[in-house]
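Hello,

Here is the structure you are taking over.

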Amino acid sequence: MATFLQQVVNGLSLGSVYALIAVGYSLVYSILLFSNFAHGGFLVVGGYAAYGMLNSMGMNIWAAGAGAIMAAGVVAIVTERMAYRPIRERTSATLYLLIASMGVSIVIENVFVVTIGGRYRALPEVFPSQPIVLAAREAGEAALRFFPGAAEGLTPLLTISAFDLISLGVTVVFLLLLQMFLMRTRWGLAIRAAACDLRTAGLMGVNVNLLIAIVFFVAGALAAVGGIFLATRYTLYPQLGNMITTKAFVAAVIGGLGSLPGAVIGGILLGLAEMLTAGFISSQMRDFVVFALLIATLIIKPSGLFGRDIRDKV
Amino acid sequence: MKKSLLGALFLAALGAALAYVPMDYYTEGILMLLCINMIAAMGVSLLTGFTGIFTLGHAAYMAMGAYTAAILIMNYDVPWLPSVLAGGVLAAALAWVVGVPTMKLTGDYYAIASLGLCEAIRLVIENWQSVTRGARGIPGIDPYTTRAVAVWFFVILALFMFNLIYSRWGRYFRACRDDVTAASLLGFNTPSIRLVSLLISAFYCGIAGALLGGYLSFIQPAMFDMMKSTELTSLVVFGGLGSMSGTLLATGIITLITELFRPISQYRMLIYGAVLVMVMVLRPDGLLGSREIWEFRRRRAGAGKEESR
Amino acid sequence: MNAPILEILNINKSFGGVHAVKDVSFKIEQGELAGLIGPNGAGKTTVFNLITNVYPIDSGDIIFDGLSTIRLKSYQVIRRGIARTFQNLRLFGKSTVLDNVMTAAQVHHTYGFTESITHLGRWRRREEIARRRSMEFLERVGLAGRAAQTAGTLPYGMQRRLEIARALALEPILLLLDEPAAGMNPEEVADLNKLITGIHRDLELTILVIEHHMDLIMQICPHIVCVNFGAKIAEGGPDDIRKNPEVLKAYLGDDEEAI
């Protein structure tokens with residue numbers, strides 16, 4: 001039971017990061033109706049930017065974080081402007097965008113391989129990582145104590161590392177910020193309108209190109225934040241984006257492509273599934289269960305939990 | 001219609017020449033690699049160029065073919081030919097598992113699933129050590145892929161592929177690519193057609209993988225990773241989505257360049273990625289667009305001979 | 001009298017809050033040339049989409065050739081003998097004109113998979129027949145000279161005619177034409193009139209035409225159904241429709257286009 005709860009806690013933490021990345025991806029999908037495979041690239045840019053700023057420039061985590069967000073956001077905007085816009089303006093078939101996005105992803109990844117090198121780098125220790133005991137039991141006593149202060153003489157049952165707690169917290173903050181942005185601001189409204197029908201939003205006077213740039217910036221920013229946490233957890237290397245984004249895509253599919261709440265729930269579910277599998281079955285099966293969940297979703301309910309039915313107008 | 005016969009004879013003559021003309025070891029090696037890559041590329045071309053379904057993980061089918069053949073030959077003493085064919089069939093079976101749920105959805109879903117598949121296959125191979133010997137791979141495979149084998153497999157599979165796209169199936173695939181709604185409102189069972197395309201493309205990649213194992217005498221999971229998948233897709237995009245001869249041309253060019261420019265191999269992936277983006281942005285038609293090499297006379301506006309694919 | 005080939009029975013369809021088709025019923029006899037009219041947004045194309053099951057129906061029934069179609073998939077409905085054209089053209093733009101028609105025609109002149117990859121057996125013969133039939137349909141719509149041209153490069157009016165040829169090549173029992181005159185000048189509309197009546201006469205098809213331009217329908221359709229805001233407001237011959245106050249209100253009501 002303790003292992004179960006422990007893995008649930010771990011799963012929530014991992015899942016929250018997936019959620020952050022999946023949300024950015026779903027946001028772009030909801031507007032442009034294509035899967036931006038370069039999303040992982042934005043993540044990696046954020047990670048390396050943070051690394052560079054923390055190491056070489058000795059900034060603190062807040063500045064480095066802001067810098068990473070800016071860097072990834074700008075890369076996202078540039079990618080859209082240079083690679084996607086020309087294609088979008090030419091054709092509405094998404095196949096070309098998919099292929100181009102894959103190309104961008106590979107270019108970003110390999111630019112880092114070729115310039116900085118592919119070895120694993122650890123981010124400086126900016127996040128506290130001591131374990132925080134959530135629940136413990138005194139020797140001999142049956143009752144549990146929650147959030148005990150000092151863990152003297154107690155058997156810890158449920159812990160969460162401070163890092164996990166922080167990443168969970170930060171994710172929640174950013175998701176709330178996103179929610180506020182979408183619900184309470186004019187651009188948020190424009191984005192929601194565009195998610196229903198991009199062309200109509202344009203006809204209603206929304207500056208579509210500017211809107212898309214904003215959406216990409218937001219997606220890049222979210223990816224960067226996720227990237228910083230993932231880089232801290234797994235160390236930083238150019239291919240970090242690949243596996244993580246595959247999982248984020250799966251999370252978005254499970255939640256329903258194009259649905260933001262779906263992406264969050266999908267991400268959390270995926271994190272939970274992975275951690276529970278790692279805890280109870282085996283660590284290697286972790287990645288396998290991701291794929292299995294994907295196939296299961298596609299068979300049972302392909303539009304995912306909250307998916308929209310995107311039908312051609314005939 | 002005589003074109004079919006002409007085409008078949010041409011391929012047969014080409015095959016005979018390439019298979020038996022004496023050549024040096026180095027050229028022979030490149031030729032065999034070329035044949036193998038071309039077989040895989042034809043498979044991807046059918047799915048992406050002709051049926052409009054983007055795939056990111058086709059190397060998984062090559063892995064399936066390679067490992068099936070190797071395991072049958074080495075552990076069960078099956079002769080190489082049935083093993084290679086079994087490799088193709090099992091690759092198609094794998095594709096069926098992924099394809100049934102995804103072929104009725106839009107292309108994004110298969111693309112994501114194919115990414116996952118590639119990873120999943122790699123995991124299975126690396127962890128099922130008793131059968132696959134894990135990440136170290138399987139060495140010492142009997143080199144059954146001789147020059148004649150590679151060339152004849154290519155010739156026959158190319159003949160089948162060209163015939164296929166010049167048949168009613170070619171029209172079905174292209175209809176699904178160009179407007180899947182219109183296709184289903186012509187009475188086509190579009191998920192079924194797309195699945196057929198996927199199965200055939202997986203079969204081709206499975207064969208290519210099995211032949212690769214027989215050529216290198218060695219296989220390991222790293223040979224069938226994202227780089228390989230991306231390479232295949234890049235070849236098809238570069239050659240032109242919807243042109244089989246374009247795919248072959250592009251494969252020839254890129255394989256030769258890769259071989260000749262070994263020193264820059266660390267930039268290979270970067271170049272593939274850049275090729276993908278630049279072709280899509282600047283010249284989405286790639287080399288030949290959606291026409292075959294021998295079709296460049298048509299498409300003039302106005303009157304012309306009745307021509308059909 | 002012929003038995004009705006198509007029976008629309010109290011069909012309803014809503015999209016979110018919009019009740020697009022409200023309790024519509026009508027019957028089309030076999031061999032008729034009928035029209036479905038109504039102002040823009042009246043729900044006409046939705047009716048076609050429901051007949052061909054592009055959207056599932058909310059309630060009601062649709063009976064084609066004696067059997068209900070509402071539980072079938074789109075492609076199965078088509079195979080029963082229905083062909084349609086689209087309001088916003090859906091050609092296979094990258095293929096040739098001939099190929100577009102052959103894609104439909106080959107349905108009736110098929111051959112096996114082995115024959116496909118070897119080009120032996122029935123391949124040559126069937127392809128030949130399909131090609132000949134396709135050229136006949138192209139002749140009928142006046143596009144035979146452009147058989148080798150890429151479909152996407154045709155002028156708009158010809159693209160519309162190509163779509164008709166492609167639909168004909170399915171050799172359907174019922175032909176659904178969705179706004180075939182859209183974007184045409186009066187000359188082209190007159191030609192289209194001739195084309196449709198010619199098809200009706202020569203091929204003995206049942207045809208149902210959607211239009212919101214009255215001139216075309218009034219001239220060629222003896223049986224007309226008029227809808228507005230998703231509901232049927234009138235049904236009858238051209239004279240009945242012309243004089244029907246509901247129809248006049250629908251079209252002229254807030255000074256819209258004149259009949």
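In chain B, helix H11 (residues 226-239) packs against helix H13 (residues 268-282) at an angle of about 35°. Their axes are 10 Å apart. The crossing of H11(B) and H13(B) is left-handed. Keep in mind that this is a predicted model.

Which residues meet there? From H11(B) come B:Met227, B:Thr230, B:Glu231, B:Ser234, B:Val237 and B:Phe238. H13(B) answers with B:Met269, B:Tyr272, B:Val275, B:Leu276 and B:Val279. By class, the contact of H11(B) with H13(B) has 8 nonpolar, 2 polar and 1 charged residues.

Next, chain B against chain A. The contact takes 34 residues from chain B and 37 residues from chain A. On the chain B side, H11 and H13 turn up again: each supplies at least two residues, as do helix H4 (80-102) and helix H5 (107-127). H5(B) gives the most, with 12 residues. The side of chain B that touches chain A divides into 23 nonpolar, 9 polar and 2 charged residues.

Last, chain C. Its domain assignment gives domain 1 (1-81 + 172-258) and domain 2 (91-170). The centres of the two domains, taken over C-alpha atoms, are 27 Å apart. Their contact takes 8 residues from domain 1 of chain C and 8 residues from domain 2 of chain C. On the domain 1 side, helix H7 (residues 186-203) of chain C gives the most, with 3 residues. That side of domain 1 has 6 nonpolar residues, 1 polar and 1 charged.

Over to you.

Best wishes

How values were computed:
Residues numbered from 1 in each chain as written. Chains lettered and ligands numbered in written order. Predicted model: local features only at pLDDT ≥ 70, side-chain atom pairs only at ≥ 80, totals over all residues. Domains from an automatic or database assignment. Contact = placed C-beta atoms within 7 Å. Helix = DSSP H or I, 4+ residues; strand = E, 2+ residues; numbered from the N terminus. Nonpolar A, V, L, I, M, F, W, Y, C, P; charged D, E, K, R; others polar. Axes fitted to C-alpha atoms, helices over the stretch in contact; angles between N-to-C directions. Left-handed = near helix turned anticlockwise from the far one by under 90°.
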